[in-house]
Amino acid sequence: MQDTIILDVINVYKTYKSAGKSLNVLQDINFSIDKGSSIAITGPSGSGKTTLLGLCAGLDKSTSGKVILNNIDLTNLSEDELAAVRNQNIGFIFQNFQLMPTLTALENVMVPLELRREKNIKSVALDLLDKVGLADRSHHYPVQLSGGEQQRVSLARAFSTKPAILFADEPTGNLDGETSVKIEQLLFDLNTQAGTTLVIVTHDLELASKTNRIIKIRNGNIISDEPTEKALKTIV
Ligand SMILES: Nc1ncnc2c1ncn2[C@@H]1O[C@H](COP(=O)(O)OP(=O)(O)OP(=O)(O)O)[C@@H](O)[C@H]1O
Ligand SMILES: [Mg+2]
């Protein structure tokens with residue numbers, strides 16, 4: 001793997017088995033992502049975007065093929081090893097947030113930092129909540145937050161460790177226009193200031209056009225993989 005590549009997806013297939021039937025959700029997926037770049041993954045509902053993100057982030061295993069992240073082959077790692085790789089390298093914003101219901105907003109943001117035994121955890125977490133506009137909601141539990149607020153907590157949690165790569169599944173899907181713009185700004189700031197590679201699943205073509213590259217998926221296949229106009233302008 002070249003030093004400039006952070007993620008390599010090689011001949012990846014995913015088949016789900018349920019009720020005695022096999023469902024081929026991803027077929028022969030191949031791509032690699034440059035360190036520090038930003039890419040958008042788009043495609044219709046059910047086309048396999050969330051599944052693909054989960055495989056890339058070591059949250060799930062492919063049926064066949066390889067995922068190599070930051071020079072680490074995820075294929076044969078145990079659950080514990082995968083959890084450590086995620087904590088050291090990855091931020092993930094889930095489509096359904098996946099906040100811990102028994103922890104407050106602040107405590108949710110603190111979890112990845114505690115796992116890394118970092119210092120000043122509380123003030124870092126409070127600062128992040130402030131950045132996503134939730135300083136006054138830090139002691140709320142997830143059920144006491146709106147969908148968009150939960151999404152923003154999930155974002156603050158994903159940012160907390162300044163990960164090498166951030167996977168975001170519809171990060172602005174539940175937000176109003178004004179909040180979306182702020183959140184997008186935070187994502188791209190993380191990209192330019194901390195060098196975090198961004199992989200964003202989105203239906204929002206405007207957001208997709210702000211990245212360097214768009215991968216389109218249909219029925220579990222990549223149907224196009226092209227630089228955006230923004231990327232082409234930077235090259236010229
Ligand atoms: N655990 C599972 N078991 C069986 N089938 C699954 C499972 N998870 C997802 N699927 C199926 O795999 C397909 C792809 O799902 P996925 O969540 O990746 O789609 P998506 O592109 O993210 O869609 P959306 O835009 O609606 O979020 C869907 O048809 C879904 O029903
Ligand atoms: Mg999805």
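Trainee: Where is Asn-71 found?

Mentor: Asn-71 is in the loop between strand 4 (64-69) and strand 5 (72-73). Helices (H or I, at least four residues) and strands (E, at least two) are DSSP runs, numbered from the N terminus. Before we go on, this is a predicted model, in which local features need pLDDT of at least 70, side-chain atom pairs count only at pLDDT 80 or more, and totals for chains, interfaces and linings use all residues. Residues are numbered from 1 along each chain as its sequence is written, while chains are lettered from A and ligands numbered from 1 in the order in which they are written.

Trainee: Why is Asn-71 called exposed?

Mentor: A residue is buried if 20 or more other C-beta atoms, placed from the backbone, lie within 10 Å of its own, exposed if 12 or fewer, and partly exposed in between. Asn-71 has 11 other C-beta atoms within 10 Å, so Asn-71 is exposed. Its phi is near 70 degrees, a positive value in a residue other than glycine. Most residues other than glycine have a negative phi.

Trainee: What makes Asn-11 exposed?

Mentor: Asn-11 has 12 C-beta neighbours inside 10 Å, and therefore counts as exposed. Asn-11 lies in strand 1, and its phi, near 45 degrees, is positive too.

Trainee: And why is Ser-209 called partly exposed?

Mentor: With 13 other C-beta atoms within 10 Å, Ser-209 falls in the in-between class, so it is partly exposed. Ser-209 is found in helix 7 (residues 205-209). Leaving aside neighbours within four places in sequence, Ser-209 is in contact with Thr-228, Glu-229 and Lys-230; contact needs C-beta atoms, placed from the backbone, within 7 Å.

Trainee: Which residues are closest to ligand 1?

Mentor: The closest are Tyr-16, Ser-45, Lys-49, Thr-50 and Thr-51, among 13 residues that surround ligand 1; to be near, a residue needs its C-beta atom, placed from the backbone, within 6 Å. Helix 1 gives the largest share of that shell, 3 residues. By class, the shell has 3 nonpolar, 9 polar and 1 charged residues (Ala, Val, Leu, Ile, Met, Phe, Trp, Tyr, Cys and Pro count as nonpolar, Asp, Glu, Lys and Arg as charged, and the others, Gly among them, as polar).

Trainee: Why are helix 3 and helix 4 called oblique to each other?

Mentor: The axes of helix 3 (residues 105-115) and helix 4 (residues 121-131) come within 9 Å and cross at roughly 125 degrees. Axes are lines fitted to C-alpha atoms, for helices over the stretch in contact, with angles from 0 to 180 degrees between N-to-C directions. Under 35 degrees is roughly parallel, over 145 roughly antiparallel, 65 to 115 roughly perpendicular and the rest oblique. Helix 3 and helix 4 are therefore oblique. Their contact has 11 nonpolar, no polar and 2 charged residues.

Trainee: What makes helix 3 roughly parallel to helix 5?

Mentor: The axes of helix 3 and helix 5 (residues 147-159) come within 7 Å and cross at roughly 25 degrees. That angle is therefore what makes helix 3 roughly parallel to helix 5.

Note on methods: Two residues are in contact if their C-beta atoms, placed from the backbone, lie within 7 Å.
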